Amino acid sequence: MTTRWFGAPVQRVEDDRLLRGHGRFTDDIDEGALECCFVRSPHAHARIKSIDASAARGMPGVVAVYTAANLPFGGLDLPLLIPHPNLTHGRTQRCLASEIVRYAGEAVAFVVATDRYAAEDAAELVAVDYEPLPVVITPEAAARAEHLVHDDVPGNVAAEMLQEVGDVHGALASAPRRKQLRFRYERGAASPMEGRAVWARWSADEHKLTVYDSTQSPTSIRGGLAVLFGLPESNVEVIAPDVGGGFGPKIMLFYPDELLVPFAAMQLGRPVKWTEDRQEHFTAVNQERGQVHEVEVGFDDDGRVLALSDEFIHDGGAYTPYGIILPIITAAQVPGPYRIPNYRVRFRDVYTNATPTSPYRGAGRPHACFVMERTLDVIASELGLDRAEVRRRNLIQPDQFPYDVGVAWQDGNTVVYDSGDYPRLLDRALQMLGPKPAGDHVGMGLGIYVEGTGVGPYEGAHVQVLVSGKVVAATGIPSQGQAHATVWAQVVADELGVDVKDVEVTSGDTRRFPWGVGTFASRGAVTAGNAMHVAARMVATKARQIAAEQLEANPDDLELVGGRVRVKGSPDHGIPLAAVAVLSNPVRYAFGGGTEAATQFAAKPRTGPPLQGGEEPGLEATGYYSPPGSTWASGCHAAYVRVDPRTFRLEILKYVVVHDCGRVINPLVLQGQIEGGVAQGIGGAFYERLAYDGDGQLRNASFMEFLIPYATEIPPIEIDHFETPSPLNPLGVKGAGEAGVIPVGAVIASAIEDATHIPITEMPLSPLKLYELTMPPS
């Protein structure tokens, strides 16, 4: 494969349209749609005694008010997306609660009106009589089980899982040194610029449902709607148009609105749309991060880890719609890039009266990295050793790949690292970081991580060369800013020997490509990128076969270069790719564009029928890629920070990243991914804390109180890339979407502790939290 475009810093083709305000988001779609809103519970835990919607139904402009009682599926639980044998007490919510609400923000009624204003006014008239129940809001309270979130779930435990590699008990007992540690990570919210939105239209004449959804998985939404509404999948179209950020919560399905909006459109015979407001995003869209870890580590006098035991509780929120993927990821990634010969991990996924959880950028990995990196810092401090040296002594070496960690991974396989060079990452990061800046209260932080990427089961792509010579390509997974249209065009352009500007990519539209899984878990480049490669290579092979007849050459002697198929070594002896596209479709009627060359009297005669056995018309192909296992990216972050001893204000003086995601398709796009991830990680480390009170009320559910860092809080980020190609896929790529965020909490904690000598065992921090940590216990 030629690499003229692969690896080149091609400018994003998406940006011009978006920056000029020509984007098309779900809320931009109207067509005279009815608008709607939800009545949501103000209580974190309460019994519903009655719901009276009569006053709301009588309001001017109100078209319908739905409660669970008048929905055909009102008594059905929403799907549990990822069942697991250890999820013995999985619970999902219903579209609309009718008996008990289990978190503040849970939907109780759904109002449809001629405009949003009328819907909101009517929603205030829906009278719901609640009987408050005891609230369980922290994972520690859930574990104590003094009160239950679900009466039929003993101990509030949805799932429990124990894994062990080696003999942890024996290794701890014989270890020269042992430490017991406790770490806590609080909840966080994704906060994309665009909240969630759904628009739906039902065509009774065509028996067709069309849905626009700000989702990370339109193909899965399509499949689910077809099942739930009893429609053929071919009669359901789901499109994710421009999506203003996803970061994980938009992979969750189904939220109640994703069923209720299409249902209302089908019932009322008019388009219906709903757009989330910001407070709804804070309280009703899935969150993540909440975990408490109890760690025991055994190590020798050289700082080598001999055994590690980690028992943690994961805050699942009120329901478990996404199964136990998050704690499985955490359990798998605690060892990180280090050799841990004896490892035991046990988690309990517990219910609380908080918003349900599902992946948010990092998805269980930042917690794991925080636990391991903080543990290594403690070991270094205990022994009086350099923190980098302790890491160096424990790192997996380049000649040890593939490296089997021996615990379960989210794709059903065990964790096996495919390739990497972790010592090189550390050495380069330290070199880039340089000497500590002068001044007081300056600390250095360090964190090394691995990232499981490219999970299956598969993705597909369709590639077609038009008779104009232009190329169109499509895949099912959507983009939320990852520059899919740019990087996949680079992959296709290389295979077909065309200019990247001549490749137009469509994604996230089931009308163009109906099959796939979704955009999440840093999987786009690995799965869809390789599917594009497969499909484009199939087209290139077909082009050589067709051109070979015209050029009277062996297909193996032909190459695709500069928009032509030509004989290797004879650049003037060739045929334009556009002409090959024409010849690929034998026609009876010429309709311009050079198609006369493919009619029966103009085409070069061939023995047998115009289309021979196994041939299909058109210079196009559909290809799929299914990974045999996850690819494992890695990296090292390091930083210097200054902490004001009076105000505890944090200033990041320098931040460096060395990253390895296999072969890099587009370094410019990758840089943006890393920078964005680091910014999000800094937010989650020092600013963005969800403040729940004892009654389960989120006290900072607006951007006035929930602090997202400004650009002034994000330092320039120095980035370097290494490439250890993955042996698991044709392109040799690994994912990169979550790499920037994973180690940031660990790095900031390490640096603050170094600067202030305050032990840091929790995330997120803030000036107030640092002040509190300096105060003697009361």
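Biologist: Which helix is Thr330 found in?

Modeller: Thr330 is found in helix H9, residues 325-333, where helices are DSSP runs of H or I with at least four residues, strands are runs of E with at least two, and both are numbered from the N terminus. This is a predicted model, in which local features need pLDDT of at least 70 and side-chain atom pairs count only at pLDDT 80 or more, while totals for chains, interfaces and linings use all residues. Residues are numbered from 1 along each chain as its sequence is written, and side-chain values use heavy atoms, with hydrogens and water left out.

Biologist: Is Thr330 buried or exposed?

Modeller: Thr330 counts as buried because its relative accessibility is 0%; buried means under 20% relative accessible area, exposed over 50% and partly exposed in between, with a 1.4 Å probe and protein chains only.

Biologist: And what does the side chain of Thr330 reach?

Modeller: It reaches the backbone oxygen of Gly364 at 2.8 Å. Not counting residues up to four places away in sequence, Thr330 touches Gln291, His293, Phe312, Gly364, His367 and Ala368, contact meaning heavy atoms within 4.5 Å.

Biologist: Switching to the cores, which residues have the most contacts inside the largest nonpolar core?

Modeller: Those are Tyr417, Tyr655 and Ile752, in a core of 115 residues, a nonpolar core being a set of buried Ala, Val, Leu, Ile, Met, Phe, Trp, Tyr and Cys residues joined through side-chain atoms within 4.5 Å. Helix H10 (residues 365-383) gives the largest share of this core, nine residues. Apart from it lies another core, of 52 residues, with Trp5 and Trp488 among them.

Biologist: Where is Pro725, and how far is it from Ile752?

Modeller: Pro725 sits in the loop between strand E28 (717-722) and helix H17 (744-756), and its C-alpha is 35 Å from that of Ile752, although the two are 27 residues apart in sequence. With a relative accessible area of 43%, Pro725 is partly exposed.

Biologist: Last topic, what is the strand order in the open sheet of seven strands?

Modeller: The order is E3-E5-E1-E12-E9-E10-E11, with mixed pairing, and two strands pair if DSSP finds at least two bridges between them. The edge strands, each pairing on one side only, are E3 (62-66) and E11 (236-239).

Biologist: How do E9 and E12 pair?

Modeller: Strand E9 (residues 197-203) and strand E12 (residues 272-275) pair in the antiparallel sense over four bridges, and the bridge partner of Trp199 in E12 is Lys273.

Definitions and conventions: A polar contact is a pair of N or O atoms within 3.5 Å; within protein, one must be able to donate a hydrogen and the other to accept it, and residues adjacent in sequence count only if both atoms are side-chain atoms.
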